[in-house]
Amino acid sequence: MDDLYRELIIDRYKNPLYRGVLEPNDISFEDDNTLCGDHIRIDILVNSDDRVKEAVFNGHGCAISQASADLLVESIQGMTLDEVKQLTKDDVLDLLGIELGPVRLKCALLSLKVLKAGVYGLGEASDDLVE
Amino acid sequence: MGTPYTTDSKLDVARIRKDFPILEREVRPGFPLIYLDSTATSQKPLVVIQAMNEFYLRSNANIHRGIHTLAEEATASYEATRQKVAELINSPTARQIIFTRNTTEAINLVAYTWGRVNLDAGDVVILTEMEHHSNLVPWQILAAEGGIRLEFIPVTETGLLDLDIYRQLLSLEPKLVAFTQMSNVLGAINPAQEIIHLAHQAGARTLVDAAQSVPHLPVDVQALDVDFLAFSAHKMCGPSGIGVLYGKEALLDEMPPFLGGGDMIKRVHLRSFETDEIPHKFEAGTPAIAEAVGFGAAIDYLSVIGMDAIESHEHDIIDYAQERLVEIPGVRTFGPDAAYKGGVASFTLDGIHPHDVSQILDTDGIAVRAGHHCAMPLHEKFNLPATTRASFYLYNLKDEVDRLVEGIYKVKTIFG
């Protein structure tokens, strides 16, 4: 369990590379994990060919939730929106490089939930998006 | 005067710990369990586990109406626990002790029976800002359905109830004042007797959420003069699945039943029924029988040790824990001074989320809780998404506080 806090996660938590806000934006979505009080907002600018031109996240919460958001947002730069829609739980866990129990999984997957709800243009984020 | 568990009225914690097999467990090789989460649920002594085993091995039967030996034994054990509960909290009679699933169900019982009959649109119910969700949501449901008006006694910066505002709120002529005797987050022990006395002067009924008080300090329902009081077995060395509602006899007699079914009736016809007398009127269906037996063993166990000695031990521990925690740079503690609180220490660590704190402490075998502890409005008030909570019981040692403090320094090191 010690490697849950491996250097990459602590580093991205303390010094995120993609923290910020885009105003105006093409896509913006935010949601909470009420259980822990994690909050994530993701803003995206989209190119004319439906590729992510720029994406950033903002929010607060535990190291897992914030580091996963930073890594996820990094990974989608230049991706097509269709590719973003195909992202799964395993992609996020690969980025983090750790195994997580059911409680912390919610922390790790909040950013993916927010991202997919935003890209699909949904009114509400649902857990089904990250199953 | 002492018990086998006390010397000069100090708890013999080493001896007590031997009664709890789970405390011998290692969470990971080399890391024995340090259990600092008794506010969520307490651990169980061997006598409680054995009492439940023994019941299933020898006496298992459904209670009431059985004429065979096992049914009589089961009924006698179940009803014996009711008597023990009555003695523990000094209830005038055992028939005023109603078994529920837990504190939450006991409060819901009052809301759905007494509340529905006695509270009309516009009637005021006073709660406090430090309530557990179990003493908020049932009243919010009544507010949404029946238009009752909720008012709240504020929590001061120091984590105590603002009794001046309370006195002002009483001019609204509330029908009910419902409050926790001890906060599960702040640890604050509220002046229940004074709050109840003032409520009665204003013509209100009172309900005390005693989920955190009955396990940790002597509680006397007659001295409090409280109308309703609720608590759970699992926080006081007993099993989960059984709790208690105490009520004044005249109130319970007048209240309509809660759940309908077997055991709560005197007579049933195809289109009507007559309710049984209290406490059975409120105990529909087969109850948690083995759990009642375990609960009885838990009360016996706590009674031998003595609630005064337990309270005093926890006071020593929380005093020490507060002192050690505030020494750590970046730690902020919540709740009143140790003098006004029970064994609960909620804190935050600058820049580090409580879930991360809790997860890293777990790697050293230290079990604490992280989150809003079912008190979201209280956390909103202090503008916190969550806190980390260490809580103590009769089996905790000061040495475990030291391990907690070392663990927090380790968290700080990992987060650099």
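**Two helices in chain B.** I looked up where α11(B) and α14(B) touch: B:Ile317, B:Tyr320, B:Ala321 and B:Arg324 meet B:Lys398, B:Val401 and B:Val405. Contact here means C-beta atoms, placed from the backbone, within 7 Å. Helices are DSSP runs (H or I, at least four residues), strands likewise (E, at least two), numbered from the N terminus. I sorted this contact into 5 nonpolar, no polar and 2 charged residues. Nonpolar covers Ala, Val, Leu, Ile, Met, Phe, Trp, Tyr, Cys and Pro, charged covers Asp, Glu, Lys and Arg, and the others, Gly among them, are polar.

**A note on the model.** It's predicted, so local features need pLDDT of at least 70 and side-chain atom pairs 80 or more, while totals for chains, interfaces and linings use all residues. Residues are numbered from 1 along each chain as its sequence is written, and chains are lettered from A and ligands numbered from 1 in the order written.

**Angle.** The axes (lines fitted to C-alpha atoms, for helices over the stretch in contact) of α11(B) and α14(B) lie 10 Å apart, at about 20 degrees on a scale from 0 to 180 degrees between N-to-C directions. So I call α11(B) roughly parallel to α14(B), a word for angles under 35 degrees.

**Domains of chain B.** I found domain 1 (6-37 + 307-414) and domain 2 (50-304), with bounds from an automatic or database assignment. Their centres, over C-alpha atoms, are 28 Å apart. At the contact, 23 residues of domain 1 of chain B face 20 of domain 2 of chain B. α11(B) gives the most to the domain 1 side, 6 residues.

Notes: Parallel < 35°, antiparallel > 145°, perpendicular 65-115°, else oblique.
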